[in-house]
Amino acid sequence: MEKRLAACVNIFPRTATMYYWKGEIRDATEILLLVRTKTSLVQRLMTYITAIHPYDIPEIITFPINDGSQHYLKWIAEAVTDS
């Protein structure tokens with residue numbers, strides 16, 4: 001948030017996760033984040049998350065916003081910075 005890469009972050013606490021890693025099924029407790037940003041900032045955001053995340057390969061996926069409240073989309077655009 002302080003780096004202005006996201007307009008909003010929802011934090012879903014402690015979710016149980018099972019995943020396949022290095023030939024084994026593993027389970028862990030994770031925190032899921034839902035981050036709202038602009039398409040132009042996705043690469044910078046992914047670079048930042050990868051640098052601070054404890055996993056070798058953090059789960060980072062994106063979903064395009066095809067439509068939505070114009071007031072909300074304008075707020076996102078104004079809340080983050082491209083510089």
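Predicted model: local features only at pLDDT ≥ 70, side-chain atom pairs only at ≥ 80, totals over all residues.
Reader: What makes Tyr-19 and Tyr-55 a pair, and why is the pair called tilted?
Author: Their centres are 6.2 Å apart, and rings pair if the centres lie within 6.5 Å. The planes are at 40 degrees; stacked needs under 30 and edge-to-face needs over 60, so what's left is tilted.

Reader: Which parts of the chain does that pair tie together?
Author: Tyr-19 sits in strand E1 (residues 8–21), while Tyr-55 is in the loop between helix H1 (42–52) and helix H2 (70–79), so the pair links parts 36 residues apart in sequence.

Reader: And why is the pair of Tyr-72 and Trp-75 tilted?
Author: Their planes are also at 40 degrees, with the centres 5.4 Å apart, so tilted it is. Both belong to helix H2, 3 residues apart, which is about one helical turn.

Reader: Why is Trp-75 called partly exposed?
Author: Its relative accessible area is 37%. Buried means under 20% and exposed means over 50%, so a value in between counts as partly exposed. Tyr-72, at 34%, gets that label too.

Reader: What about Ile-25, buried or exposed?
Author: Exposed: its relative accessible area is 64%, and the cut-off is over 50%. Ile-25 is part of strand E2 (residues 24–36). Setting aside neighbours within four places in sequence, Ile-25 touches Met-18, Tyr-19 and Tyr-20.

Terms used: Residues numbered from 1 in each chain as written. Heavy atoms only, no water. Phe/Tyr/Trp six-rings, centres within 6.5 Å; stacked < 30°, edge-to-face > 60°. Helix = DSSP H or I, 4+ residues; strand = E, 2+ residues; numbered from the N terminus. Buried < 20%, exposed > 50% of the residue type's maximum accessible area, 1.4 Å probe, protein only. Contact = heavy atoms within 4.5 Å.
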